[in-house]
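Please open the model in a viewer and follow the stops below in order. Each stop gives a selection and describes what is found there.

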Amino acid sequence: MSEIQIKNAFRNKNGKAMIAFITGGDPDLATTEKLLLSMQEAGADLIEIGIPFSDPIAEGPVIQEANERALAAGCTIDRLFDSIKNARAGGVSVPMVFLTYVNPIVQYGAERFMTRCNECGMQGLIVPDLPFEEKGEIADVCRKHGVDIISMIAPTSEDRIRKIAGEATGFLYVVSSLGVTGVRTSITTDIDAMIRLVREASDIPAAVGFGIATPEQARDMAKRSDGAIVGSAIVKLVAKHGRECIGPVSDYVKSLAEAVHGI
Amino acid sequence: MSEQQFHGRFGEFGGQYIPETLMNAVLELEEAYNRYKNDPAFIAELDDLFRNYAGRPSLLYEAKKLSRDLGGARIFLKREDLNHTGSHKINNVLGQALLAKKMGKTRLIAETGAGQHGVATATAAALLDMECEVFMGKLDTERQALNVYRMRLLGATVTPVSSGTGTLKDAVNQAMREWTSRIADTHYCLGSVMGPHPFPMIVRDFQSVIGKEIKQQMLEKEGRLPDVVMACVGGGSNAMGAFYDFIGDKEVELIGCEAAGEGADTPRTAATVATGREGIFHGMKSLFCQDEEGQIAPVYSISAGLDYPGIGPEHAWLFKTGRARYVPVTDEEAVQAFEYLSREEGVIPAIESAHAVAYAMKLAPTMDKDRIIVVNLSGRGDKDVAAIARYRGEDLRDE
């Protein structure tokens, strides 16, 4: 699976990526497997899979509840890896990254974790509680296994943007707003100013996430950057429809992908 | 101790494992703290609040009846329960609130378990004309209803947190989430020696007044240092405050008393050192109660203030280097100590502090009569009376 790379996600005609997030194992792993394929078919260019965690401090209520549902349904790291491997065997070929807190990686064993990432076809990691200063915790092992650490920049990052972007790998996750994940009616941050600082330091693709829920917002954010990341709005559909969520999620992701790809 | 503290580390423990959104806020806090901690005007202002508002220095009281009854070492109680607001929490809060004010912040947020830190924060906010919101686990708002009302009386908003286990760790989660959404005018007044650097250092420094006073008072009274200093440990702020000035005095034994709940060999426990292992959570590398996959364990203790699945990073370091030892104390032992100290000395301790009293009751009889134990009595127990009555099968009602 070494041919799958994160940069593939930014190789559409217009170079803009629609990035979709789901929580692994919500409502169960069989549904997760189906969602991965259907979101790819609906036009998602990259998929983020959240590893459910007991205390997701960067998440708003929608994804917190998804974490609780997935853990209650028995999702473990090993089972999630197995499901991802199945999904890859079933034709999922878009790049995929985990969103996980650092403790599960450390407890599983970073070396063992990255080995499994290679084996199951995971290209990167977004670790919200691992800022620039602490990425040394897993950086060497990630590099050795070719697993990208996706760095984040926030509206408060200011003078930190240059140094973070300068060392970023995979793509850069631009946090659109203060606060935790969740749907927002409007995004008031000066995204353009953040992207300008990124561009000065690096040519790494930068995608905007947090608070994006409508195709219009996705189009607007992707226009200003290299892509739009949508999480809570998808997870809400999973919560509403449970195992019957494949259709509604597909339709929704399709509308987002069309908006992003049609720029 | 500056050599052990490198970039916010105590050995390998500590660090800043937090979302990027908060990084500039903690860096700004560290910078401000380093600027003010040696500023004579700041020191004088805080000292004035300590003396004339909080009632420091707190007494070092020799519990003679207790010592005689136990028939071993002499036991002294460091009476942090006599501080304004009824616990050691006010030391840290006055320091942080004053610092936040200097930084131009107008709003304090805090987590609280038993409610003592929330009450102290609400108090400082009232005094310094700041807005205050306190996050408290839903379960804790129920078992510490009196403190919820106290905070509201003091003008604070109390926000119950029902996610997760509805206890202290969930209150910390929610306070961190709140801080990421509102940083410019808000200081997160963290209540224990935990979280990302610089909090473990700042909270320890503001609490270290406890150990400094113990040392001075003991030298005045007895002309010598104590043999043992002990304190209860949840996150570990009162223990760290009591221990810190003695770390270099190798002859003084330091003992932290953890909440074992129904027993450190049962799942209903919060004894982190006894049952946890190294991990990364709530901004720090330290010891945590967790499962094999790193999910944080749903811990339990009768004491809402000790009902936390981790321990401050400097404690993890003191444990790992062997400088301090940590012992588990069960609910039942703590409740017995709560009742015993009330009857014997006329002092009703916080159920948290009763964990330290309980271990002193075990340890003192094994020591010679000329040896000295100092127990940090971190808080008073009025808030716990109803819960202890319930534990003993009585339902108190004002009707």
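Begin by selecting the contact between the two chains in this predicted model: chain B contributes 35 residues and chain A contributes 38 residues. The area buried between chain B and chain A comes to about 2800 Å², with carbon and sulfur atoms giving 48% of this area. Within chain B, select Glu20(B), Arg177(B) and Glu293(B), which lose the most area to chain A and together make up 26% of what that side buries.

Next, turn to the charged pairs. There are 4 salt bridges between chain B and chain A. To view a salt bridge, select Lys285(B) and Glu137(A), whose side chains meet with an N to O distance of 2.7 Å. Across the interface of chain B and chain A, 25 residue pairs are in polar contact.

Now colour chain B by secondary structure. Strand E3 (13-17), helix H1 (20-36), helix H8 (168-181) and strand E12 (277-281) of chain B each supply at least two residues of the side that touches chain A. Of the elements on this side, H8(B) gives the most, with 8 residues. By residue class, the side of chain B that touches chain A holds 10 nonpolar, 15 polar and 10 charged residues.

Finally, select residues 89-102 of chain B, which form helix H4. The 14 residues of this helix reach 20 Å from the first C-alpha to the last, close to the 20 Å expected. Is H4(B) mostly covered or uncovered? H4(B) is mostly covered, as 12 of its 14 residues are buried, including Ile90(B), Val93(B), Leu94(B) and Leu98(B). After H4(B), stop at Gly104(B), where phi is positive, near 85°.

Definitions and conventions
Residues numbered from 1 in each chain as written. Chains lettered and ligands numbered in written order. Predicted model: local features only at pLDDT ≥ 70, side-chain atom pairs only at ≥ 80, totals over all residues. Heavy atoms only, no water. Contact = heavy atoms within 4.5 Å. Buried area = accessible area lost by both parts, 1.4 Å probe. Polar contact = N/O pair within 3.5 Å; in protein donor to acceptor, adjacent residues only side chain to side chain. Helix = DSSP H or I, 4+ residues; strand = E, 2+ residues; numbered from the N terminus. Nonpolar A, V, L, I, M, F, W, Y, C, P; charged D, E, K, R; others polar. Expected span 1.5 Å × (residues − 1). Buried < 20%, exposed > 50% of the residue type's maximum accessible area, 1.4 Å probe, protein only.
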